[in-house]
Each structure stands twice: as structure tokens, then as C-alpha cells.
Amino acid sequence: MTSLKNDTFLRALLKQPVEYTPIWMMRQAGRYLPEYKATRAKAGSFLDLCKNTELATEVTIQPLERFDLDAAILFSDILTVPDAMGLGLYFAEGEGPKFERALQHEADIAKLHVPDMGKLQYVFDAVTSIRKALDGRVPLIGFSGSPFTLACYMVEGGGSKEFRTIKTMMYSRPDLLHKILDTNAQAVTAYLNAQIDAGAQAVQIFDTWGGVLSDAAFKEFSLKYIRQIVAGLKRESEGRRVPVIVFVKGGGLWLESMAEIGADALGLDWTCNIGEARRRVGNQVALQGNFDPFALFGTPESIRTEAARILADYGHGSGHVFNLGHGINQHADPEHAKILVDTVHELSRQYHGG
């Protein structure tokens with residue numbers, strides 16, 4: 001593998017000195033880019049795009065051709081793991097992901113098992129292909145959904161606003177949900193380790209729905225299993241540390257608990273003040289975030305002002321990776337994204353070095 005030309009992102013995650021605050025954007029390869037839409041049309045469907053090594057590589061690189069980003073993130077989907085478990089993932093037009101076989105019966109849950117990683121070889125092939133295409137330009141991030149977030153889709157059969165089915169199971173048959181979560185945690189650990197073996201240089205665990213849980217339920221049904229994954233991950237590859245980022249949307253209440261699970265960094269949504277978050281976690285972890293994705297719909301001046309505020313709130317020193325507080329919206333203007341990236345690089349230098 002080629003040596004890295006820009007390792008600022010990895011150094012910031014490990015709280016090592018950097019010259020400026022690095023930036024990448026969740027969902028940076030996606031529908032807001034016209035070139036992505038063209039490639040997606042060529043692929044035929046979203047799943048076909050994920051499973052086509054050449055096209056998945058192409059869309060991963062696309063945002064790097066437009067913006068001076070400090071990391072690439074594998075183009076894939078969090079639901080590849082339950083799909084490999086045989087639940088029958090498909091994408092309904094305008095409705096998002098669905099499963100043909102939701103996990104709502106005890107007999108089906110009893111049969112659930114960690115999938116053969118060979119069923120996910122297309123993901124690992126994409127990782128290796130992307131690393132080759134990057135040629136050391138920036139690091140590549142691998143990722144997975146958290147056990148609880150995956151379980152939400154697996155039990156509900158798709159997206160949900162109320163999470164009634166999974167919460168009913170959680171309160172009436174917690175043993176069944178724990179079986180799903182433990183299986184998911186084992187699968188995610190194997191999946192992320194295989195991504196690292198294929199060339200991922202950092203990994204992120206997305207707990208998109210952890211924030212819908214009560215305090216006690218989050219610790220029992222989400223954080224416990226994320227901790228299990230972090231403990232089982234390979235942390236060294238190609239002679240350097242592989243940082244682990246944990247992102248819990250709506251997780252600002254639990255920063256202290258999350259900082260203790262062994263991750264290198266915590267991702268913040270836009271509801272936290274990043275300076276306050278830094279005081280709460282101390283030196284335990286780096287922080288990633290936390291620009292409101294909808295702030296990109298403002299004016300160039302307001303985008304710069306908001307980026308400057310977040311940088312000032314974090315303050316001096318390393319340990320900050322600038323990002324959005326969630327994925328970039330499909331209707332965002334790419335030119336506004338460029339303003340954000342360039343502003344962070346320009347204004348952050350005053351907080352680093354002498």
C-alpha cells in the first residue's frame with residue numbers, strides 16, 4: 001500500500017499535533033452531487049452501485065475531486081450486514097430501505113446467525129479498490145451501523161418514526177432483542193476487521209437511532225454492544241493505529257459514558273456545544289463534528305460565521321475533526337460545501353502550532 005501523503009485526519013483522531021483542523025463530511029459521496037446521480041443512473045439501482053467495485057470506487061472519489069477533503073469514506077450502506085444475514089434488503093422508490101423478512105417472531109430470531117463474511121466480499125473488494133485509487137492521497141474510512149441501529153431496521157422491517165415494534169420487543173421480550181444485538185455485535189466486529197484487513201485506515205460506528213432510547217435503555221441495548229465491538233477491533237494495521245470513531249445521533253446526554261468505551265473519537269450531532277463537550281470528555285477522546293447540515297442552506301457569509309464559531313468553541317490544540325452533525329442533505333449546494341471545507345482549512349490554522 002502507498003504511504004499517506006496527508007495523514008492530518010488520522011493524527012487529529014489520535015490528538016497528535018496538526019497544522020490545521022481536518023474535515024470530511026458524512027454522506028459526502030451522494031445525491032447532492034450531479035456526478036453521483038449520473039453514476040447511480042449508470043449502475044441501475046443503489047444496491048447495484050454498492051455491489052459494483054468500479055462504480056463504488058468512482059463515487060467514493062468524486063467528492064475529493066471537488067473539495068479539499070482530508071478523508072474518503074467507503075461508499076456502501078449500513079444495511080449490508082443484515083442483508084447478508086438473509087433478511088432480503090431492497091429499496092422501495094421514495095420509501096427508503098425495506099426488508100422482505102423482518103425479525104418479529106421468536107423462531108426467526110433463534111435462527112439468526114453471524115453471516116459468512118464471503119457474502120460481503122463486494123464491500124472488501126471496494127475498500128481495496130478505493131485504497132488503490134486514492135494512491136495515498138488521504139486516508140480511507142470504513143464503517144458499519146451499530147447493533148441497535150441495525151436492529152431497528154431488522155425488527156421494524158424498514159425505517160420508522162415511532163420504533164413501536166422494536167421498543168415493544170425491548171420492554172416485553174428483552175431476551176429476544178439481546179439475542180439480535182449480540183449477533184449483530186459479533187457480525188459488525190468481523191465486518192469492520194475485514195474492512196481493516198482490506199485497507200480501511202479508520203472506522204466509524206454509526207448509531208443513528210441510539211438517541212431514541214431512554215437513558216437506561218441506551219446503556220443496556222446500545223452502548224453495551226458498541227463497547228463489545230470496540231474491544232474486538234484490530235487497532236493496528238500497516239504499522240500504524242487504526243482509530244475508531246463512535247457517532248450516536250442524539251447522544252449528547254451520554255458523552256461521559258461513551259468516552260469510556262475505548263473509542264478514539266466521538267462524533268457529535270449539531271445539538272451539542274463542542275467546547276462544552278470537550279470539557280466533559282477531557283483528554284479521553286477526540287471529537288468530530290458538528291456543523292448543522294442545514295446551515296449549508298445559508299449564505300456564504302453565514303456558513304463562514306458558523307464554521308468560525310465551532311472552531312472557536314473547540315479552541316486551541318488537536319483532537320478536533322470538523323464534520324457535519326449528520327449526513328449532508330441531498331438538496332445542498334455543492335458550492336456551499338466547498339465554502340465550508342475551504343473556510344475550515346483557512347480559519348483553523350490559528351488554533352494549531354505556534
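Just after helix H5, glycine 88 adopts a positive phi of about 75°. Helices (H or I, at least four residues) and strands (E, at least two) are DSSP runs, numbered from the N terminus. The model is a predicted one, in which local features need pLDDT of at least 70 and side-chain atom pairs count only at pLDDT 80 or more, while totals for chains, interfaces and linings use all residues. Residues are numbered from 1 along each chain as its sequence is written, and side-chain values use heavy atoms, with hydrogens and water left out.

Seven of its eight residues are buried, so H5 is largely enclosed by the rest of the structure; buried here means under 20% relative accessible area, exposed over 50%, and partly exposed in between (1.4 Å probe, protein chains only). The buried residues are Thr80, Val81, Pro82, Asp83, Ala84, Met85 and Leu87. They pack against H3, E2, E3, helix H7 (121-134), H8 and H10, with contact meaning heavy atoms within 4.5 Å.

On a 1 Å grid over the protein atoms alone, a pocket is an open set of points with protein on both sides within 12 Å along at least five of seven lines, whereas a cavity is a set of points where a 1.4 Å probe fits but cannot get out; lining residues have an atom within 4 Å of a point. Grid points are joined across faces, edges and corners, and a volume is the space filled by probe spheres set on the points. The second largest pocket holds about 160 Å³ and is lined by Met85, Gly86, Leu87, Arg101, Ala102, Leu103, Asp108, Lys111, Leu112 and His113. Helices H5 (80-87) and H6 (106-111) are the elements that each give two or more residues to this lining, and H5 gives the most, with three. By class, the lining has five nonpolar, two polar and three charged residues, where Ala, Val, Leu, Ile, Met, Phe, Trp, Tyr, Cys and Pro count as nonpolar, Asp, Glu, Lys and Arg as charged, and the others, Gly among them, as polar.

The largest pocket has a volume of about 1,800 Å³. Of its 48 lining residues, Arg27, Arg31, Phe46, Asp77 and Pro97 are the closest to its centre. Two or more residues come from each of helix H2 (34-43), helix H3 (46-51), strand E2 (89-92), strand E3 (96-99) and helix H8 (147-156). The lining of the largest pocket divides into 22 nonpolar, 15 polar and 11 charged residues. Among the residues that line the largest cavity are Val248, Leu255, Met258, Asp269 and Cys272.

Turning to the sheet, seven strands form an open, parallel arrangement in the order E1-E4-E5-E8-E9-E10-E11; two strands pair if DSSP finds at least two bridges between them. Strand E1 (72-73) and strand E11 (320-324) are the edge strands, each pairing on one side only. Strand E9 (residues 265-267) runs parallel to strand E10 (residues 286-291), and three bridges join them. In this pair, leucine 266 stands opposite leucine 287 in E10. Helix H10 (residues 174-198) packs on the sheet, where it touches strand E4 (140-145) and strand E5 (202-207), and its direction makes about 170° with that of E4. Helix H11 (residues 215-232) likewise packs on the sheet, touching E5 and strand E8 (244-248), at about 165° to the direction of E5. Axes are lines fitted to C-alpha atoms, for helices over the stretch in contact, and angles run from 0 to 180 degrees between N-to-C directions.

Some backbone details deserve a look as well. Most residues other than glycine have a negative phi, and most peptide bonds are trans. The peptide bond from glycine 289 to asparagine 290 is cis, with omega near -10°, and asparagine 290 lies in strand E10. Aspartate 135, in the loop between H7 and E4, has a positive phi of about 50° although it is not a glycine; aspartate 135 is partly exposed, at 40% relative accessible area. Phenylalanine 163 has a positive phi near 60° and lies in the loop between H8 and helix H9 (164-172). Phenylalanine 163 counts as buried, at 4% relative accessibility.
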